[in-house]
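Subject: Structure handover

Dear colleague,

Here is the structure I said I would pass on. Please look at it first and then read the notes below.

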Amino acid sequence: MKIASYTPEYRNQVIALILYLQNYDNKVNLSLEEQPDMADITTHYLSDNGGFWLAINDQDMVVGTIGLMVEDSQYGILKKFFVHQDYRGTAAGVSHSLFATLIATATQKRLQHILLDTPAACHRAHHFYRKNGFTEITRAAVPLTYDYPDRNSLFFVRDL
């Protein structure tokens, strides 16, 4: 398994993985049309000093994703953090590797905070974020305005 920066050759695999995990694993029921960032990852993540990384297995299949949108000199937004169920857990290390890549990049870019939104029903994700230094904040306390597809979201922040 390797962590690699996004390239368009993986576009269809990324979309398929994210939609599958959102809609079948997490039961959020979101369409591709509700998530314009997925249709053009290069513009939404890579062109604005952010990043988008993939976990790719030995069969060249995308098994995980994570994105960083840089909103200003202080804040980055963690987006599209998904890992296929067969690659979750400490033993696999996929979540940790993707997350470490994002944090290293955010630190290198001298960001001071990472924000994220996650569906209220995704309790496993909430546990991961809390375990990794994030604190839940209210929607009113979110210091930036940005798009997030699931309107029943919880918000978290981590200081770097």
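The notes below go from the whole chain to single residues.

This is a predicted model, in which local features need pLDDT of at least 70 and side-chain atom pairs count only at pLDDT 80 or more, while totals for chains, interfaces and linings use all residues. Residues are numbered from 1 along each chain as its sequence is written, and side-chain values use heavy atoms, with hydrogens and water left out.

Overall fold

The protein chain has five helices and seven strands. Helices (H or I, at least four residues) and strands (E, at least two) are DSSP runs, numbered from the N terminus. In sequence order the pattern is β-α-α-α-β-β-β-α-β-α-β-β.

The C-alpha trace spans about 40 × 35 × 35 Å along its principal axes.

Of the 160 residues, 48% are buried. Buried means under 20% relative accessible area, exposed over 50%, and partly exposed in between (1.4 Å probe, protein chains only). The chain exposes about 8200 Å², and carbon and sulfur atoms supply 49% of that area. Accessible areas come from the Shrake-Rupley method with a 1.4 Å probe, and for residues only the protein chains shown count as cover.

Among contacts with a separation of 6 or more, 63% are between residues 24 or more positions apart. A contact here means heavy atoms within 4.5 Å.

Salt bridges

Side chains of opposite charge can pair when their charged atoms come close. The structure holds three salt bridges, each defined as a side-chain nitrogen of Lys or Arg within 4 Å of a carboxyl oxygen of Asp or Glu.

One joins Asp37 and Lys80, at 3.9 Å from N to O. Asp37 is in helix H2 and Lys80 in strand E4, so this pair ties together parts 43 residues apart in sequence. Asp37 and Lys80 are both buried.

Another salt bridge is between Lys79 and Asp117, with the closest N and O atoms 3.2 Å apart. This pair links distant parts of the chain, 38 residues apart, with Lys79 in strand E4 and Asp117 in strand E5. Both Lys79 and Asp117 are buried.

Arg130 and Glu136 also meet through their side chains in a salt bridge, at 2.6 Å from N to O. Arg130 is partly exposed, at 44% relative accessible area, and Glu136 is partly exposed at 37%.

Aromatic residues

A pair of aromatic rings is described by the distance of the centres and the angle of the planes. The whole structure contains ten aromatic pairs. Rings of Phe, Tyr and Trp (its six-membered ring) pair if their centres lie within 6.5 Å; planes under 30 degrees apart count as stacked, over 60 as edge-to-face and the rest as tilted.

Tyr45 and Phe52 have ring centres 4.9 Å apart and planes at 65°, so they are edge-to-face. Both of these residues, Tyr45 and Phe52, are buried. Tyr129 and Phe134 are also an edge-to-face pair, with 5.5 Å between centres and 70° between planes. Tyr129 and Phe134 are buried as well. One aromatic cluster is formed by Phe81, Phe99, Phe128, Tyr129, Phe134 and Phe156.

Backbone and polar details

Most residues other than glycine have a negative phi, and most peptide bonds are trans. Lys80, not a glycine, has a positive phi of about 55°. Lys80 belongs to strand E4 (residues 75–83) and counts as buried because its relative accessibility is 7%.

Arg110 likewise has a positive phi, near 65°. Arg110 sits in the loop between helix H4 (94–108) and strand E5 (113–119), and is exposed at 69% relative accessible area.

Gln35 lies in the loop between helix H1 (11–25) and helix H2 (36–39). Gln35 counts as buried because its relative accessibility is 1%. A polar atom of the Gln35 side chain is 3.1 Å from the backbone oxygen of Ser31.

Thr43, in helix H3 (residues 41–46), is partly exposed at 39% relative accessibility. The Thr43 side chain makes a polar contact with the side chain of Asp40 at 2.7 Å. A polar contact is a pair of N or O atoms within 3.5 Å; within protein, one must be able to donate a hydrogen and the other to accept it, and residues adjacent in sequence count only if both atoms are side-chain atoms.

Regards
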